Amino acid sequence: MSEIGLRERKKQRMYQVVSDIAIGLFLEKGFDAVSVAEVAAAAEISKPTLFRYFPAKEDLVLHRIADHEGEAARVVAEAEDEPVEALRRHFLQGLERCDPVTGLNDDPRVLAFHRLLYGTPSLVARAHTHQERSEAALAEALGGDLDARLAAGQIMAVRRILAMENWRRIAAGEPVEDVRADAVAAAERAFGWLAAGLPPSLRGDTE
């Protein structure tokens with residue numbers, strides 16, 4: 001087990017190191033201006049080795065947020081209360097700690113990463129596939145039927161739009177503390193609408 005654990009840790013370090021090198025190059029020169037071969041050379045690995053870790057060039061960037069894929073499904077699976085209430089609480093906790101995934105973060109490195117991600121069409125398209133997988137996982141966690149799939153689509157859209165609005169304001173120069181109250185109010189409002197409109201089994205109320 002220890003040998004397996006060591007190999008897995010080395011593999012994860014390789015993912016992280018190569019992704020960080022690639023993102024640094026993309027931020028410096030632009031995503032389209034940097035080739036996969038250039039990333040491989042900078043990481044001191046072969047191009048075939050790089051592709052074993054990252055099947056597509058876009059995955060070099062998306063790796064940084066890969067751990068958030070399926071996050072909503074995990075929250076629901078581990079929750080002791082109703083799904084929408086658990087997801088509301090989780091999003092509000094993210095706002096409180098300025099989790100970059102909520103958009104409420106003004107760290108220059110986070111802003112630069114988001115500009116790269118949202119400013120590159122191929123990355124936006126690749127991110128959409130991550131969103132689709134997250135939505136499918138959430139639908140399965142909610143029961144897997146049509147109601148669950150409809151609910152998952154609405155929930156993921158709310159999370160995405162809230163985060164994008166926060167990021168848009170922060171990227172435009174507004175301080176985090178000026179955005180925070182509006183971000184919390186918007187999240188409370190949006191999740192309230194979800195709770196009121198979804199099937200009773202998925203709502204945060206018990207009436």
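Among the contacts in the protein with a separation of 6 or more, 67% join residues 24 or more positions apart. Keep in mind that this is a predicted model. The protein has 10 helices and 0 strands, so its elements, read from the N terminus, run α-α-α-α-α-α-α-α-α-α. Its C-alpha atoms fill a box of roughly 60 × 45 × 30 Å along the principal axes. Of the 207 residues in the protein, 42% are buried.

### Aromatic pairs

Let's turn to the rings. The structure holds 5 aromatic pairs. One of them brings together Tyr-15 and Phe-54, with ring centres 5.3 Å apart; because the planes stand at 85 degrees, the pair counts as edge-to-face. This pair links distant parts of the chain: Tyr-15 belongs to helix 1, while Phe-54 sits in the loop between helix 3 (47-53) and helix 4 (59-62), 39 residues apart.

Another pair, Phe-91 with Phe-191, is tilted, at 6.1 Å centre to centre and 45 degrees between the planes. It too links distant parts of the chain, with Phe-91 in helix 6 and Phe-191 in helix 10 (residues 176-197), 100 residues apart.

| Residue | Relative accessibility | Class |
|---|---|---|
| Tyr-15 | 16% | buried |
| Phe-54 | 2% | buried |
| Phe-91 | 5% | buried |
| Phe-191 | 1% | buried |

A charge meets a ring elsewhere: Lys-57 lies over the face of Phe-31, at 4.4 Å from the ring centre.

### Around His-63

Which residues does His-63 touch, leaving aside those up to four places away in sequence? They are Tyr-15, Gln-16, Ser-19 and Phe-54, and two of these, Tyr-15 and Phe-54, form the edge-to-face pair described above. His-63 itself is found in the loop between helix 4 and helix 5. Its relative accessibility is 18%, so His-63 counts as buried.

Gln-16, one of the residues that His-63 touches, lies in helix 1 (residues 2-29). Why is Gln-16 classed as partly exposed? Its relative accessible area is 36%, so it falls between the 20% and 50% cut-offs. Gln-16 also shows how the chain folds back on itself in space: Leu-60 is 44 residues away in sequence, yet the two C-alpha atoms are 9.2 Å apart.

### The largest pocket

Now for the open space. The largest pocket holds about 910 Å³. Of its 33 lining residues, those closest to the centre are Ile-65, Val-101, Leu-117, Tyr-118 and Gln-131. Which helices supply at least two residues each to this lining? They are helix 5 (71-78), helix 6 (83-96), helix 7 (108-118), helix 8 (121-141) and helix 9 (146-171). Helix 6 also carries Phe-91, the partner of Phe-191 in the tilted pair. By class, the lining of the largest pocket is made of 15 nonpolar, 10 polar and 8 charged residues.

Methods:
Residues numbered from 1 in each chain as written. Predicted model: local features only at pLDDT ≥ 70, side-chain atom pairs only at ≥ 80, totals over all residues. Heavy atoms only, no water. 1 Å grid on protein atoms, 1.4 Å probe; cavity = no way out; pocket = protein on both sides within 12 Å on 5 of 7 lines; lining within 4 Å. Points joined across faces, edges and corners; volume = space filled by probe spheres on them. Helix = DSSP H or I, 4+ residues; strand = E, 2+ residues; numbered from the N terminus. Nonpolar A, V, L, I, M, F, W, Y, C, P; charged D, E, K, R; others polar. Buried < 20%, exposed > 50% of the residue type's maximum accessible area, 1.4 Å probe, protein only. Phe/Tyr/Trp six-rings, centres within 6.5 Å; stacked < 30°, edge-to-face > 60°. Lys NZ or Arg CZ within 6 Å of the ring centre and 35° of its normal. Contact = heavy atoms within 4.5 Å.
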